[in-house]
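My notes follow the structure.

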Amino acid sequence: MEKKALQLASVASMIDQFNIPNIQILQSFGYRVDVAADFTNPGNISKERAAELIQRLEDMDVRVIDIAIPRSINPGAVKSAYRKTKKLITTEHYNLIHCHSPVGGAICRLAAKGERKKGTKVIYTAHGFHFYNGAPLKNWMIFYPVEKWLSKFTDVLITINQEDYKRAGRKFQAKQTVYVPGIGVDTEKFAPCQSKRGKIREELGLKNSQIMILSVGELNENKNHESVIRAIAGLNLTYVIVGKGELKEKLESTAKECGVDLRLMGFCTNVSDFYDAADVYILPSIREGLNVSLMEAMASGLPVACGKIRGNTDLIDHPLFDPLNIKEIKEAITTAIENKDDLGQKNLKKIRSFDLKTVENITSQIFMGGGGICS
């Protein structure tokens, strides 16, 4: 009998950036794989990229289902997405369902309750709970009880940082809670390449001696790029951000106000070239699960300055800063510049434990049914 699996996420960008290896693993085990996500509003990738993703998935013999799964709690949108997801799940009778993102994961697990009683196994990957040490009280009041309740309808709860793993293991009721070191990073793809350093710099008009700091991520409040701009005011640095978002004009205005050389590059497919061009990577986010770009920067041999928050501390122990403390951010950037060779080598060594092959091996064991969960 044909084995069928569903990968579900709120937006297409989560499939594009996180789940192609998961799909390939499932196919290697003989599953026919469907993918459900919002491909019309695809998240932090362009609609052109989303169209390319659909074609890539179809070339892989993966069926694509476009469902408008919201990223925020919109009652009407949630109800509509739940109806469509439940119809899909009860029609297809999947053997295995792997869901992602807080709202998408909630909708999917509730929609799969009936099928789960018939033997469907449900896996949920938490890419960083909205409740964490230091999180706002409202996050704890809203998201914590919901995730704890939903864990009852979860066969395997995958966590990607140590803080979430310890909390879920102690407090939640999933049949099995496992730690996976993120989604993994292709350490060969992002290996340092000094000969490519000049490519992006030439495009940006930067001399080799000009210090370039880099961030990769959406232009939103959580990514906290504005704090970096204010921290480097008066320093002879160029700040490059790869990513798009609603704060583009605000960040440009802040940079002008502070006299900072800011370059907003939008969404780019050649992100590895930017790592090769940079001198320091900075991740000023207020909240993260286990940030992919941080791992890519480490694999590229870059020194990193990042916020002292969950996930980041699994990877980096120095230099760290309070994401809302401008003085600490400035000091961390200075430290990273002054010690960039030593820090870069340390990061290269550390990131080996988070290699993509390591993560794929762990994920394979989960899908295969380590402990009898998903077999």
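**Second largest pocket**

I began with the second largest pocket, which has 17 lining residues; Gln194, Ala278, Ser300, Gly301 and Leu302 lie nearest its centre. A pocket here is an open set of points on a 1 Å grid over the protein atoms alone, with protein on both sides within 12 Å along at least five of seven lines, and a lining residue has an atom within 4 Å of a point. This is a predicted model, in which local features need pLDDT of at least 70 and side-chain atom pairs count only at pLDDT 80 or more, while totals for chains, interfaces and linings use all residues. Residues are numbered from 1 along each chain as its sequence is written, and side-chain values use heavy atoms, with hydrogens and water left out.

I noted a volume of about 330 Å³ for the second largest pocket. Volume means the space filled by probe spheres set on the grid points, which are joined across faces, edges and corners.

I then looked up which elements supply the lining. α11 (271-277) and α15 (340-350) each give at least two residues, and α15 has the largest share, with five. Helices are DSSP runs of H or I, at least four residues long, and strands are runs of E, at least two long, numbered from the N terminus. By class I read seven nonpolar, five polar and five charged residues in this lining. Ala, Val, Leu, Ile, Met, Phe, Trp, Tyr, Cys and Pro count as nonpolar, Asp, Glu, Lys and Arg as charged, and the others, Gly among them, as polar.

**Cavities**

A cavity is a set of points where a 1.4 Å probe fits but cannot get out. I found two cavities of 30 Å³ or more.

The largest cavity has a volume of about 170 Å³. I listed 18 residues in its lining, with Asn22, Gly182, Ile183, Val359 and Thr363 nearest the centre. α1 (12-28), β4 (96-100) and α16 (356-368) each supply at least two lining residues, and α1 gives the most, five. The lining has nine nonpolar, eight polar and one charged residues.

The second largest cavity holds about 30 Å³. Among the residues lining it I noted Arg109, Glu147 and Phe172. Its lining divides into four nonpolar, two polar and two charged residues.

**Ser293**

Is Ser293 buried or exposed? I place Ser293 in helix α12 (residues 292-299). Ser293 counts as buried because its relative accessibility is 7%; buried means under 20% relative accessible area, with a 1.4 Å probe and protein chains only. Leaving out residues up to four places away in sequence, Ser293 touches Val216, Tyr275, Tyr281 and Leu283, where contact means heavy atoms within 4.5 Å.

Technical notes. Buried means under 20% relative accessible area, exposed over 50%, partly exposed in between (1.4 Å probe, protein chains only).
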